[in-house]
Amino acid sequence: MTSADGDIELRAVSKSYGEQVVLDRANLAIARGEFVVVMGRSGSGKSTLLRLIGGLESPDLGVVRVAGKDLGALREAGRALLRRSELGFVFQFFNLIPTLTVAENVELPLSLNGVPRADAHRRSQELLAELGVERCAPRFPDEISGGEQQRVAIARAVVHEPRLVLADEPTGNLDLETAGHVLELLQATCRRRQATLVMATHGREVAGLADRVLAIRNSALVEQPA
Amino acid sequence: MNRLLRRASLRFFLRHPWQLALAIVGVSLGVAVYVGVALANDSAARAFELSSAAVRGATTHRLLPIGGALEESVYVDLVVRRGIPTAAPVVTADVVIAGRQGLRYPLLGIDPLQETGLRGFSSFAPGGSSDLARLITSPATVLLPDTLAARLGVAAGDTVTLLVGGRGQPVEVVGTVPAIGGDVQVEPPIVADIATAQELLGRPGVLSYVDLRLSAEQAGELAAEPPAGTALVALDRAGGAFNELARAFRTNLTALGLLALVVGTFLIYGTMSFAIVQRRATLGMLRAVGVTRAELLGGVLIEALCLAVVATSLGLVLGHVLATQLVELVLRTIGDLYFSASVRAAPPSPSIYAQGGALGLGATLLAAAKPALDAARAAPAAVLRRAELEHRARRGTRIAALAAAPLLAASAVLLLLGSSDLYMAFAALFAVLAAGALLTPAATVLLMRAIEITGRSVLQLPAVLAVRGVSASLSRTGVATAALAVAIATVNGVGLMISSFRASLSDWLETTLTADLYVGFDAEGAALGPADVAAIEAIPGVAGVSLTRSVVLPTDYGELAVRGVRPGPRGWGLEIVSGDAESALAEVAAGRGLVASERFTFARGLSVGDQLVLPTPQGERRLPIVGAFRDFNTGDYSVVMALELYRQAFGDTSLTGIGIHLISDADRATVERAVREALPAPTPFRLRSSETIERLSLEVFDRTFKITEVLRVLAAVVAFLGVLSALLSIELDRARELAVLRALGFAPRQLLATLLTQTGLLGAAAGLAALPLGATLAALLVHVINRRSFGWSMSFVLTPGPLLTGLALAVVASLLAGIYPALRASRVELGGALREE
C-alpha cells in the first residue's frame, strides 16, 4: 500500500511485546490532509500503530517516515522537536496537564515552539472560542466536564498548526451525544487546517466520515471500504 | 492478613527492591542515631560513675580544708583523739607524662596500710605485699595503670618522668595497676605512697583531703565539730557542679538523638506513603473486589511491622557501631570540660537496645498509620484518583497550618511555666519544631504562589509547570518539605548557637584575660611574700600585676571555688551581667561583698542581694552577693571577693595565680625569662600567655561541638533520603503526565530541567522555611536550653553564614535527591507510560 504524496509512510514495520506480535511487516502511506480511521478489536494494535507514527515507540523492524523524516534515524531530542512542531495528540483520557489552566494547556505547544506569549495567548483564546470552550480558559482541567476537557485536548493538538493529528480513541470516554459532537469538531478543525488526521477507534460509526479506513487483523494492516 | 494479600504485599516489595531498601535505610538510620547517642551517653555516664566509685570505694565522707592547707595533724587528730579508724589520708594532683603533653593522669598519693577499710587499692598490686612494701619503703616509686604502661612501653623497674608544675620528676615503676573489676573499663590513677606524692608535689606534711567511712552518728558529731579549718562533706554532694554539667551535656545529646529519630519518622512516613502511592490502583482494585477497610488497614500495618522489625534490627546494629565512635567524642568532651581523669567506655546498659527497638517499631507503625488509614478510608474509586489525594492534601495543609498556632502557644506556656526546668525547655523546643513542620507546607504553597505572581511576565510555561508542580504534589512533597525544613532548621539552629557561643566565649576570654602572662601555681597555693610580688612588678616592661588566690570550699551550696582577687592595672576582668557593674565592683573592692558566677546563681536560685554563707577557719561568714559575672568555666561554681577580704577571712596569704600586665613595647621573652628567675626556686609554677590560654580554650570548645556536627550530618542524610523517596513518589504519580509532556514535544533534557527546577524550588522552600525556624531554634538554644543546662548566658549573634549554609544545603540536597527520579522520569519509555491508561 503506497501513496504518491506520502505524509506518513511505514515500510515493513514489525512490533512485538514479548511473545505477542502486534504488527507484522506492515506497510502504509497516508497523504497530507487525509482523514484515516484505524479500526480493530481491543488489543489489536491500533494504539501501537499511532504511537509508532508519533515516535513514542520504536518499531522492532522496518522504517517509519513522518513528514519526510525517518524516525529511526532521529535521536530522542530530534523526535521531540518533530512532535512539538509537526504532530498533535488527542488521547482517550484527555491527558491535560492538571497543574496548568485550560488556556495554558493550549498555549503549551506554542510555548514549546517559541511563539511569543501574547501571540500564544491570543491564538489559544481564538481556538478555545472556535471550539466553544472559551469560558473554561482560566479554569483547571479538574474543574470542567469530560466533553469540555476533550475539546481542550483537541485545541491543544491543533493550536500549533501541525501537519498530523493522532487521535487515540478520542471519544472512548464520552457519552454518545458528546462523542458525536467532539468527533465533528475534531474532523472540521483538522480539515480547516489541512492537517492529516489518523484516528484509532473501534466505533464503526466513525468510519463513514473517514477518507480511508484501515483495520488490523492478525497483525496485518488491511484497507477496508470507507 | 489474607494469604493472597500477604503474597501481593511481599511481591510488591520484591519487585521494588530500591524502595524496600529506602524504607529500611530510613528506619535504620533513625533508630541508629538515637541508639548510638543513647548508648554513647550511657556508656560515658557509667564510666564516670565507675571511675568515681573506684576512687571513692566505701568512702562515705570527705574532710576538706577550708582555705589554706590540710595539715597531717588533722588526720592524726581524727584517728587518735576522735577514734575514727576508717580514715585514709589522700594527696592528689594531676600530672603530665614527660614528652606526652596530651597525657594527663591523676596522681593519687595514699597510705596503703590505711586503705584496706576503704578502698581495694591493695588488690591493685599484682605482686601483692612485696610491691606495696616497695611502694611504701622506696622513695619515688609508683604503680602505673597497665594501659598507660603499655602505651609508654614501660615495665616494672623502668623509670618514667612525671611533669609536676612544669618540672620533671623521675619515678620508678614498681608495678602496674589493672582495670578495677571484671567488666569495668576505668583507667585507674597513677598510685604512689602518700609520702612519695607529697615529695613529688612539693607539699611535705600537707594532705589534699581525708576520706572517711562514717556511721550516721559519727558523721553528725564530726560535722558539728570539725577540726579547725576543715569541713565535712557527704560524698554525694561532692562534685555537684560537674555532675550537673555532664548530665546537662548528655541531655542535650539525647535531645539531638531524639531529633534525628523525629526526622527519621518523617522519612518512614514518606517511604510508607510512597509504598501506598505505588499500589494505589491495586489497593483500589482490592477494595473494589471486596477487601474490607479493616483488612486493608491491617494488611498495610502488618507490612509496616515486618519492615520495621527488619529495619529496627539493622538500626540497632548500626547504632551499636555508631556508639563506639560517638562514645570517644562524648568522653573526650566531658573529659575536656569537666574532668581531667582519663576514662574509657564502659559496656552500655542492654535496656537501651530495648528502648531503641521499641522506638523504631513504634515510630514506623505511627508513621505508617496515616498512609494506611488514607488507603483504607478512601472509597474504592477514590483510591484510584490522585486528584482526591491532592484535594485532601490541600485541606490537610490548611488544617496543619492552623494547628501550628496552639503548638506555638503551648511552647510559650511551657517556657513560662518551667522557668528553670530543662525538660520543659526541650518540650517547648520540640513544640516549636513541630509547629514549624506543620507550617512548612502552607509556607511552600504561599512561596510558590508568590513566585508565580511576581514572575508572571517572565516565566515560560515549563517554568510555570515546575513552580506549580511543587504545590500540586503536596500529598507527596508536604511531608518531605517539612522533614527537610526541620532537618535544615536544626542545622541552622545548632550552627547559629555554636557561632553565637563561640563569639561569646571569645569576647569573654578577651574580657577575662586582662593580663598578658599568667603564672599558675598548684591548688595548694604558693607562699609568695610582698617582696616576691614586688620583684615581679619591678621587672622592666611590667606595668603591674593582678593576684589571685583560689580555693575550693565545701559549702551548703556544694563545692564552691572562692577566688580572692587583687585586680591589675586593667581591672577585674569580670563582665557583670546582674547588678550594676560599677557599684558591684566598687563594693567588692571595698571588701563589702562578693560577686558570684551566673552559673552558680542560676543553679542555686540565688540573686543579687542574697547573703552567701561561707565556712571560714573562724566559723561561718555571711557576705552579700553584689553582682553576678559571666563565667564560661566548666569546673566548680565560683565567687570572687577582694584578696584582702579573703586573707582576712581565711588567714591564708598564699597565691594560686599572678597575672602580669606588660607595657605596650615590652619584650615578652625577656619578661618571661625575668619572671622565671624572680620566682622563688622551689615553687612549682606554670607560665602561659593569654594567647595560649585563649587558643587552648577555643580548641576545647571546637572539640566539644564535634559530636553535634556528626549528629547534624546524620539528620541531613535522613532528610535527604526523605526527599528522595518523596520525589520518586511524585515521579510515579505523574508518570503519565510526564509522558504526555514528552508526547507534546518536551525533549528529555527539557523535562529533566523542569523537574530539577521543581526539585530545587522544593529545597529552596524548605530552606527558606528553615531560616526563621532555625533562628528561633538558635534563640531557644542560646537563651533557654544553654542557660538552663549550663547556667551560661550568651549573646545571640545572628550571622548569615550558618543560615546561608543551611539554605544552600537544602537546595543542594534536594537537587541531588532529584537527579535520579528526574533522570528516570525523563527517560521513561513513552509507549509504556501512555499505554497504562
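## The contact between chains A and B

The contact draws 26 residues from chain A and 24 residues from chain B, where two residues are in contact if their C-beta atoms, placed from the backbone, lie within 7 Å. On the side of chain A that touches chain B, α1 (46-53), α2 (76-86) and α3 (102-112) of chain A each supply at least two residues, and α3(A) gives the most, with six residues. Helices here are DSSP runs (H or I, at least four residues) numbered from the N terminus.

By class, this side of chain A has 12 nonpolar, six polar and eight charged residues; Ala, Val, Leu, Ile, Met, Phe, Trp, Tyr, Cys and Pro count as nonpolar, Asp, Glu, Lys and Arg as charged, and the others, Gly among them, as polar.

## Basis of the model

This is a predicted model, in which local features need pLDDT of at least 70 and side-chain atom pairs count only at pLDDT 80 or more, while totals for chains, interfaces and linings use all residues. Residues are numbered from 1 along each chain as its sequence is written, and chains are lettered from A and ligands numbered from 1 in the order in which they are written.

## Helix packing in chain B

The axes of α26 (residues 748-790) and α27 (residues 800-826) of chain B come within 7 Å and cross at roughly 150° (axes are lines fitted to C-alpha atoms, for helices over the stretch in contact, and angles run from 0 to 180 degrees between N-to-C directions). α26(B) and α27(B) are therefore roughly antiparallel to each other, a term for angles over 145 degrees. Their contact comprises 20 nonpolar, nine polar and no charged residues.

The axes of α15 (residues 422-454) of chain B and α26(B) come within 9 Å and cross at roughly 165°, which makes α15(B) roughly antiparallel to α26(B). The residues of the contact of α15(B) with α26(B) divide into 18 nonpolar, five polar and one charged.

Methods: Angles under 35 degrees count as roughly parallel, over 145 as roughly antiparallel, 65 to 115 as roughly perpendicular and the rest as oblique.
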